[in-house]
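Student: I have a chain open here and would like to talk through how it is put together. Could you take my questions one at a time?

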Amino acid sequence: QVQLVESGGGLVQAGGSLRLSCAASGRTFSNYDMGWFRQTPGKEREFVTAISWSGGSTYVANSLKGRFTISRDNAKNTVYLQMNNLQPQDPAVYYCAAASSSSGTSLAVYSTGMAYWGKGTLVTVSS
């Protein structure tokens, strides 16, 4: 089982940027597709973005395209979420997630969830 630990959350002004990191351990990182989700109190978990095991494919929620970018460094066992132009609707606990990569799987299927989860990192946006 892969273990995931997020970092990089914090307070940022509206319009600012933040980069989250997720360090993976326990299994071969490149065997996993990775993703980011977010959740605010009282709301359901929301899919943000996913990336294939190689980094060659990415999929971003329509509402976040142009502002949020996922990337990974397999040599460092780390996946990143670059968030730009943060808005008042973006504060949430952001969760890193992983799923065993399978040939032919569309990243879009991960919008409903993934198999392994980190504990989350809190992002707050001040206006």
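Student: Let's start with a detail: which residue in β6 is the bridge partner of Thr49?
Tutor: The bridge partner of Thr49 in β6 is Val60, and please keep in mind throughout that this is a predicted model. That bridge belongs to the pairing of β5 with β6, which runs in the antiparallel sense over three bridges.

Student: And what sits in the turn between β5 and β6?
Tutor: The two strands form a hairpin with six residues between them, and Gly55 in that turn has a positive phi of about 85°.

Student: What about β4 and β5, how many bridges there?
Tutor: β4 and β5 pair over five bridges, again in the antiparallel sense, and one of the residue pairings is that of Arg38 with Glu46 in β5. Their hairpin also has six residues between the strands, and here Gly42 takes a positive phi near 85°.

Student: Is β5 mostly covered or mostly open?
Tutor: β5 is mostly covered, since five of its six residues are buried. Phe47, which lies in β5, is buried with a relative accessible area of 9%.

Student: OK, switching to the rings. How many aromatic pairs are there?
Tutor: With ring centres required to lie within 6.5 Å, the count comes to four aromatic pairs. One of them joins Tyr32 and Tyr116 in an edge-to-face arrangement, with 6.0 Å from centre to centre and 80° between the planes.

Student: Which parts of the chain does that pair tie together?
Tutor: Tyr32 lies in strand β4 (residues 32-39) and Tyr116 in strand β10 (residues 116-117), so the pair connects parts that are 84 residues apart in sequence. As for cover, Tyr32 counts as buried at 6% relative accessibility, whereas Tyr116 is partly exposed at 23%.

Student: And how are the rings of Phe47 and Tyr59 arranged?
Tutor: Their centres are 5.7 Å apart and their planes meet at 35°, so that pair is tilted; the edge-to-face class needs an angle over 60 degrees and the stacked class one under 30. Phe47 is in strand β5 (residues 46-51) and Tyr59 in strand β6 (residues 58-60), so this pair ties together parts 12 residues apart in sequence. Tyr59 is partly exposed, with a relative accessible area of 33%.

Student: Which residues do the ring pairs link into a cluster?
Tutor: The cluster consists of Phe37, Phe47, Tyr59 and Trp117, linked by ring pairs. Phe37 also has a charged neighbour, because the charged end of Arg45 sits over its ring, 5.4 Å from the centre.

Student: What lies over the face of Phe29?
Tutor: That is Arg72, at 4.3 Å from the ring centre.

Student: Zooming out, how many helices and strands does the chain have?
Tutor: The secondary structure comes to zero helices and 11 strands. The radius of gyration is 14 Å, close to the 14 Å that the globule rule gives for 127 residues, so the chain is as compact as a globular protein of that length. Along the principal axes, the C-alpha atoms fill a box of roughly 40 × 25 × 25 Å.

Student: Last one: what share of the residues is buried, and what about contacts and surface?
Tutor: Buried residues make up 42% of the 127 in the chain. Among contacts between residues at least 6 apart in sequence, 61% join residues at least 24 apart. The chain exposes about 6400 Å², and carbon and sulfur atoms supply 46% of that area.

Definitions and conventions: Residues numbered from 1 in each chain as written. Predicted model: local features only at pLDDT ≥ 70, side-chain atom pairs only at ≥ 80, totals over all residues. Heavy atoms only, no water. Helix = DSSP H or I, 4+ residues; strand = E, 2+ residues; numbered from the N terminus. Buried < 20%, exposed > 50% of the residue type's maximum accessible area, 1.4 Å probe, protein only. Lys NZ or Arg CZ within 6 Å of the ring centre and 35° of its normal. Pairing = 2+ DSSP bridges. Rg over C-alpha atoms; globule rule 2.2 N^0.38 Å. Contact = heavy atoms within 4.5 Å. Areas by Shrake-Rupley, 256 points an atom, 1.4 Å probe, with all protein chains shown as cover.
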